[in-house]
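Hello,

Here is the structure I promised to pass on. My notes on the helices and their contacts follow below it.

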Amino acid sequence: MIHAAGPYLLASVLVGLGLYGILARRNAVLVLVGTELLIAGGSLLLVTAGALGRDEVWAGQVLALFVITIAAAEVVIALAVVVAAYRRRGSIDLAEDAL
């Protein structure tokens, strides 16, 4: 049995880094990486909650696999949008959109 503090601490670090990546970065790819870190932190919380609880149907682990699958599809679509934006504008800086 694992101690609960380790996975919860790691998940909080991942979520914190993801939020920093989303809020502080202007590059679209780095914002996407921040989003993936946020999703990874959430998935780790799901797996931890499933492992520490007395869940006989493994709902946390199964839901984490579902989230990973959806996140993979999300990355493919987001990278396609980033590449299309780069080809059209020559830059993927998100601050240029606000100007």
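In H2, the buried residues are Ala28, Val31, Leu32, Gly34, Gly41, Ser43, Thr48 and Gly50. Please keep in mind that this is a predicted model.

H2 itself runs over residues 28–52, 25 residues in total. From first C-alpha to last, H2 reaches 36 Å, close to the 36 Å expected at 1.5 Å a residue. At the start of H2, asparagine 27 places a side-chain oxygen within 3.0 Å of the backbone nitrogen of valine 29.

Next, H1. This helix has 20 residues. Its reach, first C-alpha to last, is 28 Å, close to the 28 Å expected at 1.5 Å a residue. Pro7, Ala11, Leu14, Gly18 and Gly21 are buried in H1. They cover an arc of only 90 degrees around the axis, so they sit on the same side of H1. These buried residues pack against H2. The face turned away from the buried side of H1 carries two exposed residues, Leu9 and Leu23.

Last, the charged pair. Searching the whole structure turns up one salt bridge. It joins the side chains of aspartate 93 and arginine 26, at 3.8 Å, N to O. Aspartate 93 lies in the loop between H3 and H4 (95–98), and arginine 26 in the loop between H1 and H2, so the pair ties together parts 67 residues apart in sequence. Aspartate 93 is buried, with a relative accessible area of 18%. Arginine 26 is exposed, at 53%.

Best wishes

Terms used
Residues numbered from 1 in each chain as written. Predicted model: local features only at pLDDT ≥ 70, side-chain atom pairs only at ≥ 80, totals over all residues. Heavy atoms only, no water. Helix = DSSP H or I, 4+ residues; strand = E, 2+ residues; numbered from the N terminus. Expected span 1.5 Å × (residues − 1). Buried < 20%, exposed > 50% of the residue type's maximum accessible area, 1.4 Å probe, protein only. Polar contact = N/O pair within 3.5 Å; in protein donor to acceptor, adjacent residues only side chain to side chain. Arc of directions from axis to C-beta. Contact = heavy atoms within 4.5 Å. Salt bridge = Lys/Arg side-chain N within 4 Å of Asp/Glu carboxyl O.
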